[in-house]
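Hi everyone, thanks for making time. I'd like to walk you through one chain and a few spots in it. Please have a look at it first.

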Amino acid sequence: MKGTVGELGEFGLIRELTSRLTTTPAVRVGPGDDAAVVSAPDRRVVASTDVLVEGRHFRRDWSTAYDVGRKAAAQNLADIAAMGAVPTALLLGLVVPAELPVTWPSELMDGLRDECQVAGAAVVGGDVVRGDTITVSITALGDLRNQEPVMRGGAQPGDIVAVTGWLGWSAAGHAVLSRGFRSPRAFVEAHRRPEPPYHAGPAAAGLGATAMCDVSDGLIADLGHIAEASKVRIDVRFGAIDIPSQMNDIGQAVGVDPMQWVLTGGEDHAIVATFPPDVKLPARWKVIGEVLNPSALPQVTVDGAPWTSQGGWDHFGDIES
């Protein structure tokens, strides 16, 4: 579609965006009414919300609108999965300048729709507003399917720590893009479009996971959330984490120890969880550490020692480290 958002108008833009959507059996009433209706067989709804701002969370010269849509949906749907729930629905709040070409929000919606389909969810409604800076606000919903939510505060001394999904790939891709390159493509794409293991969250709940979260701020930071909530210490085994050869090559090229990306790089949206020590985990899970009694050491250690390098994501920091 040609033209700008301003030329199309609010209601024309809404018609354009909603025409691109698909649905699922969980959606009883979709876009077009005062509110959506989504079935919740469990009678409990898991909800999460997040905001992406242009220049802070994405750049249009690095990512297409479709990429931004996939990423915005993924990071919210991953939060639902990390509670042990099945994603069901997504709501969009969109702020765009009037002069923005209509193709941008249309492609954004395509990305949201396609990522929802991967997770088994659907976009069910939202709102559009004129503003100076592109801002994408997402609310995701999920269903626990009669399981208890897996929160951050349940880890017990003696539990094992395991992870599934990519670690450090998005950070490595960010490093490549920051230096003006576009390859290795796999790492650049990991930054543009993370691939959370949605199925692993509910499966982990079924396996008896005691605590869980997605790796959005960095492995050390997110394990720190679990350690703090559970009042335990978590020790990560350095040798248990594999680093792909291409990531090593990128690290050598840019002068960064790739373990820095693995331990502190965020936005991969892998899922990390603690389990009782006798659990039999599927092959997709990698045991990387253990839960210990609290001590005077920091709440997360690597091979028994504090991790002294900076890293992790802080929305109110000056830069992404």
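So, to start: is Asp34 buried or exposed? With a relative accessibility of 81%, Asp34 counts as exposed. Here, exposed means over 50% relative accessible area, buried means under 20%, and partly exposed lies in between, using a 1.4 Å probe and protein chains only.

A word on what you're looking at. This is a predicted model, in which local features need pLDDT of at least 70 and side-chain atom pairs count only at pLDDT 80 or more, while totals for chains, interfaces and linings use all residues. Residues are numbered from 1 along each chain as its sequence is written, and side-chain values use heavy atoms, with hydrogens and water left out.

Back to Asp34: this residue sits in the loop between strand S1 (27-29) and strand S2 (37-38). Helices (H or I, at least four residues) and strands (E, at least two) are DSSP runs, numbered from the N terminus.

Now, where is Asp79 found? Asp79 belongs to helix H3 (residues 65-81), and its 23% relative accessibility makes it partly exposed. Apart from neighbours within four places in sequence, Asp79 is in contact (heavy atoms within 4.5 Å) with Ser48 and Asp214. With Ser48 there is also a side-chain to side-chain polar contact at 3.2 Å. A polar contact is a pair of N or O atoms within 3.5 Å; within protein, one must be able to donate a hydrogen and the other to accept it, and residues adjacent in sequence count only if both atoms are side-chain atoms.

The peptide bond from Ser183 to Pro184 is cis, with omega near 10°. Pro184 lies in the loop between helix H5 (169-178) and helix H6 (185-192).

Then there are positive phi values outside glycine. Arg43 has phi near 70°; it lies in the loop between S2 and strand S3 (45-53) and is exposed, at 79%. Glu267 has a positive phi of about 70° and lies in the loop between helix H10 (258-264) and strand S10 (270-275). At 14% relative accessibility, though, Glu267 counts as buried.
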